[in-house]
Amino acid sequence: MQVSQSLTGLVFGLLKPYRTWILIIIAAMLGETIMSLATPWPLKIIIDNVINDHDLPRWLAWIRAFSIGETKFELALLAALVIVFVTVLGELASFANNYYTESVAQYVANDLRRHMYHHLLRLSLSYYDRNQVGKLLSTITSDVSTIQDFASQTLLNILIDALTIIGMLIIMFSLNWDFTLMAVGVSPFLLLFIVRFKKAVKKATHEVRRDQAEMVSVLQQGLESIRNINAFGRQDLEEHRLEKVSYETIEAALKARKVKSMISPVVSIVISLCTAFVLYRGAELVLKGLMTLGALTVFLSYLNKFFNPVKNLAKMTTNIAQALVALERIQQILGTDTFIYQKPNARTPGKFKGDIKLENLSFAYLPGNLVLHNLNLEIKAGQHVGICGPTGSGKSTIASLIPRFYDPTAGRVLMDGVDIKEFKLDGLRMQISFVLQETVLFFGTIQENIAYGRPEATQEEILEAAQKANAHEFIIRLPQGYNTEVGERGMTLSGGERQRVGIARAIVRNSPILILDEPTASLDPEAEKSVLDALEKLMEGRTVITITHRLHTIRAADNIFVIKDGSVVEEGTSNELLQKGGLFAELYTLQENEV
Ligand SMILES: Nc1ncnc2c1ncn2[C@@H]1O[C@H](COP(=O)(O)OP(=O)(O)OP(=O)(O)O)[C@@H](O)[C@H]1O
């Protein structure tokens, strides 16, 4: 589905696939409106042509040609039957209307959710550095629901109301135009008043939604960090955070309600004035014989119906404002184009040999705040290299530039001598595997988790990978073995077990380049040993970059880069670096002394 940048473009793009249903809805809506307009006419015929002796209106005289309506009883029966006929047709139209409107609303909401998630999953990570996940969640759920409700309930009513108003005006003018003019002359001013208020309501609604999204964000962060909150005993602080935004939401909601509440009374009072006028003046016209009683009944019934839509429109201002705000918030996400740019002529790379070169690389997460400074680094195919350095020196940043999670501010990353921007993103990322400090387990079975990076992996491959990763033993001890479901963050597994699942995942993916970012940092020595053993098997035959603080884990590396303040300050094997007596030697000695 192609969704354009503008708000109207967005709406048309969303509705386009449902053209046929929309045509059915419009037809049903017209039917419903016509039937609603016809409802008071049988009563008029009974009053004017059955009870009183007026002639049938000219446009109904054709009835006599069928020799029905000759006698007054026949005419009464006909009027009675028409009431039922009109109701049945109206209700059929209403059914079609409701069903198809709800269908369009449900499917449009479904498209919106899918489209937004699709879009979000492909945005550059830098988008997530600037936007809170809770707020995005709130838009995907609440704002989409608002649009859905609006489309299924309000939009239909607005259209029917608008059509009814037009139809009634036409009939009322043809019955008695000057009387009509006086009765409904106030409506344009009423509508103007409503439109003016819509702006204020919209502004207030924006505030409410902002606060609600903030609240979801606070809740999401809190519940996600529940372990840490417990560990630090900071439940009070988190409660206070929620309390604060929750009160802000109340204030904003009450402010919005105050604005909204002013509309209804004003509209109601104006309407009652108009009705009073019609009653008084209509009675006078009937008494003077200038209007039939039946016509006055139709008039009053219409007037009542006429102001209902006007009243509804006033009430719906709120819904319209809410839907507009929701659309704008959705549009904000869909309009973001912080994608990692893929050249139109980008190619799918063949299997990489594994030569990696970072050339004059500079990078800033935030404009003007360089984290990497003109960094140069070269790794030969099949080498196992280590990257170390003080915390915050830019090690993980280097690792995230190789699969293009971010693009460098200046400089290039070359893979087998070719700038990685020449490759298709998928093709590049497929050939790089990660084992991070914490392996995230996705909802699903252990087996699915191991095959996450290569879903087509066979059972045998998964089993073999688990065995190599020293994970098989603990997996078969789980209640359902490989089919055991693991929680959101793999809560059911220990840190060491999770890491071994992560290693099995990387083995299954079988990519030529492997990046290990502190894979054992959170483990105790015993778990570390088992994980290191598994890692060794994983590393065979690949180009491996190990980022670590634990310098003994990279002692055997072919080459080590020491990073400080975003630049390479030392390079060599561990023996060379120790002999050199620089930063590496200093950090190494420090760690030796700790042990
Ligand atoms: N997403 C981000 N947005 C903004 N700044 C960031 C982001 N990630 C990291 N930084 C900053 O960039 C600098 C380098 O971070 P990086 O994570 O690369 O360091 P590191 O050497 O891997 O540190 P550590 O050893 O502690 O993991 C730090 O100053 C950090 O605060």
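Mentor: Happy to. Let's begin with a definition: two strands pair if DSSP finds at least two bridges between them. Strands (E, at least two residues) and helices (H or I, at least four) are DSSP runs, numbered from the N terminus. This is a predicted model, in which local features need pLDDT of at least 70 and side-chain atom pairs count only at pLDDT 80 or more, while totals for chains, interfaces and linings use all residues. Residues are numbered from 1 along each chain as its sequence is written.

Now look at strand S4, residues 410-415, which is joined to S5 by 2 bridges, with the two strands running antiparallel. In this pair, Leu414 faces Asp419 of S5, and Met415 stands opposite Val418 of S5. S4 and S5 make a hairpin with 2 residues between them, and Asp416 in that turn has a positive phi of about 50°. Strand S1, residues 356-364, also pairs with S4, in the antiparallel sense over 5 bridges. Here Ile356 is found opposite Met415 in S4. Strands of a sheet pair through backbone hydrogen bonds, either parallel or antiparallel.

Arg404 lies in the loop between helix H12 (395-401) and S4. Its phi is positive, about 60°, although Arg404 is not a glycine. Is Arg404 buried or exposed? A residue is buried if 20 or more other C-beta atoms, placed from the backbone, lie within 10 Å of its own, exposed if 12 or fewer, and partly exposed in between. Arg404 has 21 other C-beta atoms within 10 Å, so it is buried.

H12 leads us to the ligand. The residues that surround the ligand include Asp129, Tyr365, Val371, Gly392, Lys395 and Thr397, where a residue is near a molecule if its C-beta atom lies within 6 Å of it. H12 gives the largest share of this shell, 3 residues.

For a parallel pairing, turn to strand S11, residues 559-564. In S11, 5 of the 6 residues are buried, so the strand is largely enclosed by the rest of the structure. S3 (residues 384-388) pairs with S11 in the parallel sense over 4 bridges, and Gly386 has Ile560 as its bridge partner in S11. S11 is also joined to strand S12 (residues 567-572), antiparallel, by 5 bridges. In that pair, Lys564 stands opposite Ser567 of S12. The S11-S12 hairpin has 2 residues between its strands, and Asp565 in the turn has a positive phi of about 45°.

A nonpolar core is a set of buried Ala, Val, Leu, Ile, Met, Phe, Trp, Tyr and Cys residues joined through C-beta atoms within 7 Å. Ile560 is one of four residues, with Ile450, Ile503 and Ala504, that touch the most other members of the largest nonpolar core, which has 63 residues. Helix H17 supplies the largest share of this core, 6 residues. A second, separate core has 59 residues, including Val108 and Val298.

Finally, step back to the whole chain. The protein has 20 helices and 12 strands. Its radius of gyration (taken over C-alpha atoms) is 36 Å, well over the 25 Å that the globule rule (2.2 Å times the number of residues to the power 0.38) gives for 595 residues, so the protein is more spread out than a compact globule. The C-alpha trace spans about 120 × 50 × 45 Å along its principal axes. Of the 595 residues, 33% are buried.
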